[in-house]
Amino acid sequence: MDFLVWVILGATILVLVSGFAAAARRLLGLHFGLVRTLLGGGLAVLIAGPVSRAIAGSVSKDEAGITPLWFLVLATACALLASMLFLVVAEALVPTGSVPGPVELVRSLRGRIRRSRRYLRISRILIRHGLGPYLRGRDPDLAAPSARARLARSLREALDEAGVTFVKLGQVMSTRGDLLPVEFVEELRLLQDKVAPAPWEEVERVLVAELGGPVEETFASFEREPLAAASIAQVHIARLRTGGTAAEPGGESGGESGREVVVKVQRPGVASLVERDLDIIARLVRTAERRTRWARAIGLGDLARGFAQALREELDFRIELTNMAAVAAGAGAGTVRVPVPDVEHSSRRVLVMERLHGTALGTALGTAGGRTGDLDREELARTLLHALLDQIMLRGVFHADPHPGNIMLLSGGGLALLDFGSVGRLDASLRAALQRLLAALDRADPLGVSDALLEVVPRPDEIDERELEREIGRFMARHLVPGTGPDVQMFGDLFRIVFAHGLSVPPEVAAVFRALATIEGTLTRLAPGFDLVEEARAFAGRHFAAQAGDGARIRTAVEHEVAALLPMLRRLPRRVERVVGAAENGRLSVNVRLFADARDRRHVTTLLHQVLLTVLAATTGIMAVLLLGAPGGPRVTPGVGLFQFLGYNLLVVSAILALRVLVVIFREPRD
C-alpha cells in the first residue's frame, strides 16, 4: 500500500513539474532545453507550497465561495513566475546551446579525454621547441634575419614532430609568402609528407569495405608494397580485372589482366586523427588571436579555417575525382597530361586512376645531373606556365597547388599534374576581370590595374583610389621593369597593398595568387632565370589577341547579347511614351512600397510586439503599484482589500510580460 502511495505521489509531482515547465516555456514564447525547463518546473513545485500557505493566512477559515480559489490562483501564478524567472536568469548566465546537454556530454566524454591527451602532447612539443611563449602573448622577434631563421627552424621541427595534420598545415603556410617572412617560407618548404606505409592487413580492410568485396574480385593483381606513402594516403600499383579467375592471395594475376592503374588508399584511422588535430588547431588559433597581436594581424583564424576546409575535402577522394575530371577537361589544351580516373571503382577512401610512367619533378630536380639534364628546361617551364595560365584565364578550373611534388616528368618527356585535392574555380566574370588586370599590367597602366583590381575584389564603401593607384605604380616600378624577375616578395607586396586599403580577397582569387606564387618557386627550381613576367605577357598577347580577332566568337557573343536584350527593346518605346505622356499631363508619380520584403515585415512586426509588451508591462506595473498604495475600498478578506488583491495580480502579470521581453533580449544576439 505504501508503494502505491509513493507511486501516486511521484506521478503527481511529475505531472505538476511538467505542467509548470510547459506553462513557463509557453508564456516566454521560446524553446529551452529539457533539463533547464524541468528544473524550472521543479522550482515552481517547491515554491508553490510555501507561497500557498503564506497566502492562505490571509483567508479566514470561515471564508466560503470563490475567494479562496482566487487566492490559490494567485499562489499558482507566483510559483509559475518563479519558474519563468529561473529560465530567464539561466538564459542570461548560461545561454541555450553554450554548454552541451547531459546526453551529448556523456557521448563526447571519451573523445574529450583523447583530445585532451593529444592537446597536451602538442603543447609539450611546442614548449620543447621554444614556442610556448608565443602562445602566451609574446610577440615574435622578427627584426634580425638570424632570429627569423631560428624561429622558423623551431616551428618547422615542431610541426614535423606533431604529425600529419600539422605537417599539412606547415606545407600550406609555406605557400603564403604574402603573410610570412621569406625565412619561414623557405624553412617550411623543407617539411616532408612521408611516413612508413600502413600494414597490408589494415589497407586490405579499407579496400574491402570500399570495394564491397575481396580485392581479387576487382583487381587481377595488386602490389602490396606501396609505390609511395604519405600521411593521408598511400599509393599502390595494380591491374584491373577484365575476366578470368580470381587472383592469388599474393597479388599475382590468375587470369586475363586489364589496364595498369594506380590505387590511392586512405590510411586507416587518419580521418579521426585529422578531426582531432583540426579541433586542437582551432583552439590554439583562438588562443593566439585572443592573446597576441601578430595572430590577429595576419588573419590566423581565416587561414586556419581555410586549411581545415581544404584538408577535410582532401579526405574525401570523391572530391578529388571530380577535381581531376574538371582539370582534365581543360588541361592546358593537351600540353600537360592528367591521369584518367576510374569512376566505377573509386569511392570516398579509394581513388583508382590511370598509371603514368615517369618521375616526380621534385625528385628529378634533386637528383645529381637530374632526369632533366637531357631536356630543354626552358621549354618545360614555358609549357608548365602556359598550361596553368590557360587553366586560370581561359578555362576557369586550375590546379591550386602546383609544387614540384605534384608535377611528374613523364618518361616520354612531357609533363603531368598529380594530386587534385586542391583545385580552384573562377566564374566568367572573374576570369574577364583577371584578363583585364593582366592586360593593364602588360601596358604598365597603374590606373587600369587599380580599376581591374577593384573588379576582382569586393569594393569597400570608402577607398582612396588615388592613393591605391600611386601604390600600384610604385609596385610596378619595383617588380615589373625589365631586368627584374618575380619572386615571393612580389606577391607579398601585392597582398600588402590589397590589405592596406581595406580590400578583402575572395577565396577563389586568393587561390589564384597562391597557385602563381607556388608555380613561381617551381619554375625557379626548374629553370633558374626563367622570365615569368615576359612569358605571361607573351601568353596574354597570343591568346587574348586571338580572342579579340576571332570574328566568329565576337559575332556569337553579339548575337547572344542582342537576343537577351530584344524583348526589353521591344517594350521600351511604349514605356517611354507612357512616361512622357504622364509627365506632360502632370500625372507622373513614383510608387515606393515600403517593407516589400517579408523579412523586413517580420522584423518590424517583432519589434512592434516587443514595444507593445514593454508598454503593457510598464502600464500594468504602474497600475499595480497605485492599487497597492490606494487606501480604503471593499474588503476581500479581513486582511486584504480588493485594491490590494487586484494590485498583486497585476504585479504578477507585469512581471510575466517583462520576463517575456527580457528573455528575447538575452537570446537575440545569437539568432
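## A buried arginine and its partner

R148 is buried, at a relative accessible area of 16%. Buried here means under 20% relative accessible area, exposed means over 50%, and partly exposed lies in between (1.4 Å probe, protein chains only). The model is predicted: local features need pLDDT of at least 70, side-chain atom pairs count only at pLDDT 80 or more, and totals for chains, interfaces and linings use all residues. Residues are numbered from 1 along each chain as its sequence is written, and side-chain values use heavy atoms, with hydrogens and water left out.

R148 meets the side chain of E183 in a salt bridge, 2.9 Å from N to O. E183 belongs to helix 8 (residues 182-188) and R148 to helix 6 (residues 145-162), so the contact ties together parts 35 residues apart in sequence. Helices (H or I, at least four residues) and strands (E, at least two) are DSSP runs, numbered from the N terminus. A salt bridge puts a side-chain nitrogen of Lys or Arg within 4 Å of a carboxyl oxygen of Asp or Glu.

## Other salt bridges

Over the whole structure, the search finds 20 salt bridges. One of them joins D342 to R259, with the closest N and O atoms 3.3 Å apart. This pair links distant parts of the chain, 83 residues apart. D342 sits in the loop between strand 5 (336-337) and strand 6 (350-354), while R259 is in strand 4 (residues 257-266). D342 is buried at 8% relative accessible area. R259 is partly exposed at 41%.

D390 and R395 form another salt bridge, at 2.4 Å from N to O. D390 is buried, with a relative accessible area of 5%. R395 is partly exposed, at 36%. A network is also present: E467, R470, E471 and R474 are joined by salt bridges that share partners.

## Strand 3 and its neighbours

Strand 3 (residues 233-241) has eight of its nine residues buried, so the rest of the structure largely encloses it. Strand 1 (residues 219-222) pairs with strand 3 in the antiparallel sense, over three bridges. Pairing requires that DSSP finds at least two bridges between two strands. Within this pairing, S221 faces R239 of strand 3.

Strand 2 (residues 228-229) also runs antiparallel to strand 3, with two bridges between them. Here A228 stands opposite V235. Strand 2 connects to strand 3 by a hairpin through three residues.

An open sheet holds four strands in the order 5-10-9-7, with mixed pairing. Strand 5 and strand 7 (358-360) are at the edges, each with a single partner strand, so one side of each has no neighbour in the sheet. Strand 7 pairs antiparallel with strand 9 (residues 407-410) over three bridges. A360 lies opposite M408 of strand 9, and G358 lies opposite L410.

Which way do the side chains of strand 9 point? I407 and L409 point one way, M408 and L410 the other, and all are buried. Strand 9 also runs antiparallel to strand 10 (residues 415-417), joined by three bridges. L409 stands opposite L415 in that pairing. Strands 9 and 10 form a hairpin with four residues between them. G413, in the turn, has a positive phi of about 105 degrees.

M568 and R571 both lie in helix 23 (residues 551-584). M568 is partly exposed, with a relative accessible area of 43%. M568 contributes to a nonpolar surface patch of about 570 Å², made with L565, L566, L569, L572, V576 and V580. Patch residues have over 30% relative accessible area and no salt bridge; like charges are joined within 9 Å, nonpolar side chains (Val, Leu, Ile, Met, Phe, Trp, Tyr) within 5 Å. Areas come from the Shrake-Rupley method with a 1.4 Å probe; for residues, only the protein chains shown count as cover.

R571 is partly exposed at 36% relative accessible area. R571, R574, R575 and R578 form a positive surface patch. Lys and Arg count as positive, Asp and Glu as negative; His and the chain ends are not counted. Each charge is placed at NZ of Lys, CZ of Arg, CG of Asp or CD of Glu.
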